[in-house]
Structures are given as structure tokens and as C-alpha cells.
Amino acid sequence: MVKVAVLASGSGSNFENLVLATKDGRASKFQIELLIVDKGSAFALERAKKLGVEALHIDPKGYVDKNAFESKIIEILEKKDIQLLALAGYMRIVGEKLLNRYRGRLINIHPAYLPEFPGKDGIGDAFKAGVKETGVTIHFVDEGIDTGEIIYQERVKIDEGMELEALKERIHAVEHRIYPMVLENLSEKN
Ligand code: GRF
């Protein structure tokens, strides 16, 4: 069983879905051991409580710099023998400390068809650009912003006259289908 930790900053629907996938039979090769959030207000914390998954708030403000903050995260991950680290709405750029420790075992989900629409608002940017299709990408994390090697991606159609909210829902539905699937595949190889 591969031990996975999720890093998030916000709502945590992907985190919750990954946990549910390990309970409803969609995934059997990995276990979500831990949630780490960098924001005390992250709704992901509520979800973890309800699901009975251990969750920690590590506040970057409590550390002198990014290295110190990430060293703390690494210390926690190592104590729990975490083998794979999955970012799910983690709104910080991963620094060299964490990256070097987990390179090749650190993945991210991005709500656009990379390299199209990288950055903080992949859904909004595609919507504003008026393109007919966007997508979802799962990739390894590297030094850049949403630039690491692509593991899996799928196209998502934007219908004529579609509202932004409807597009968000459509993208999240794809995310919730493919993130457990990709983690399961990676876990098999681990
Ligand atoms: C997702 O759209 C993910 O692709 C992006 O951040 C969002 C997180 O959503 N990186 P949630 O917190 O999992 O609901």
C-alpha cells in the first residue's frame, strides 16, 4: 500500500474525493495518510475531520523562510513514511527543499490542458480566452509553474454560451474521475 499525503490550501474537494476513492473501491493501491494545509481557514480541514483523516495546518508565517517551512513539512512526511505527495489546490510554489526531497514522487492537478493556461486561474483564463475546449492535466512538479512532465491529461469541452460555474463543475467532475485513477497507476509502479 503506497502512503500518500495531500497538500491543499482551499476547498479540498479533490482531497475528499481521493479519500472516498480508497473507500469505495476505485482505488486499492494507495492510502491517504495525511492532509497538510498552509491556511487555517482551508475548508479541506473540515472535510478531513469528517472523513477521519489526520490533518495538520502548517503556517508558513511561523517559519523564517520557505526552506524552514518546507523542512518542517518534510520532517512530518518522513515520520509517516509518505511515499507520494499529491498537490490538490495548493496555492504555493514548491521550493527546492521539498522538490528535491520528493522529485518524481510529487504530483499536481491543474484545471487546464497544459501547456495551455498555466497559473493560478486555469479555468477562468480559458473561459475568458473564449476557447472551445480546455482540459485537466496531472503532472510531476518541477521548478516551474505548471511545467513539469505530464503524466495524464484529458480535454474538456466548453459549450457555446456555457456559464463559468458550469465549466468549473465539468472540470471538477473530470478531476475527480482521473486523479484517483492516476494515483492508482503510479502506486502500482511504486
Ligand atoms: C482544482 O481545480 C485543481 O485543479 C487546482 O485547484 C483546484 C482545487 O480544488 N489545482 P479543490 O480544493 O480540490 O476543490
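Colleague: How many bridges join strand S4 to strand S5?
Modeller: This is a predicted model, in which local features need pLDDT of at least 70 and side-chain atom pairs count only at pLDDT 80 or more, while totals for chains, interfaces and linings use all residues. Residues are numbered from 1 along each chain as its sequence is written, and side-chain values use heavy atoms, with hydrogens and water left out. Helices (H or I, at least four residues) and strands (E, at least two) are DSSP runs numbered from the N terminus, and two strands pair if DSSP finds at least two bridges between them. S4 and S5 run parallel, and the number of bridges that join them is three.

Colleague: Which residue of S5 is the bridge partner of Leu87?
Modeller: Strands of a sheet pair through backbone hydrogen bonds, either parallel or antiparallel. In S5, the partner of Leu87 is Asn108.

Colleague: Which strands stand at the edges of the sheet?
Modeller: Seven strands form an open sheet of mixed pairing, in the order S3-S2-S1-S4-S5-S6-S7. Two of these strands have a single partner strand each, so one side of each is left without a neighbour in the sheet: they are S3 and S7 (150-157).

Colleague: By what angle are neighbouring strands of this sheet turned against each other on average?
Modeller: Axes are lines fitted to C-alpha atoms, for helices over the stretch in contact, and angles run from 0 to 180 degrees between N-to-C directions. For this average over neighbouring strands, however, direction is ignored. The value is 20°.

Colleague: Which residue of S2 stands opposite Ala8?
Modeller: S1 and S2 run parallel and are joined by seven bridges. One of the pairs is Val6 with Leu35. Opposite Ala8 stands Val37.

Colleague: Which residue of S4 stands opposite Val4?
Modeller: S1 also pairs with S4, in the parallel sense and over four bridges. S1 is mostly covered, as six of its seven residues are buried, where buried means under 20% relative accessible area, exposed over 50% and partly exposed in between (1.4 Å probe, protein chains only). The residue opposite Val4 is Leu84.

Colleague: What angle does the direction of H2 make with that of S2?
Modeller: H2 (residues 44-51) packs on the sheet and touches S1, S2 and S3, where contact means heavy atoms within 4.5 Å. The angle between H2 and S2 is about 140°.

Colleague: Is Arg47 buried or exposed?
Modeller: Arg47 is found in helix H2. Leaving aside its neighbours within four places in sequence, Arg47 is in contact with Ser11, Gly12, Ser13, Phe15 and Glu16. Because its relative accessibility is 14%, Arg47 counts as buried.

Colleague: With the side chain of which residue does the side chain of Ser13 make a polar contact?
Modeller: Ser13 lies in helix H1 (residues 13-23) and, neighbours within four places in sequence aside, is in contact with Arg47 and His176. A polar contact is a pair of N or O atoms within 3.5 Å; within protein, one must be able to donate a hydrogen and the other to accept it, and residues adjacent in sequence count only if both atoms are side-chain atoms. At 3.0 Å, the partner of Ser13 is His176.
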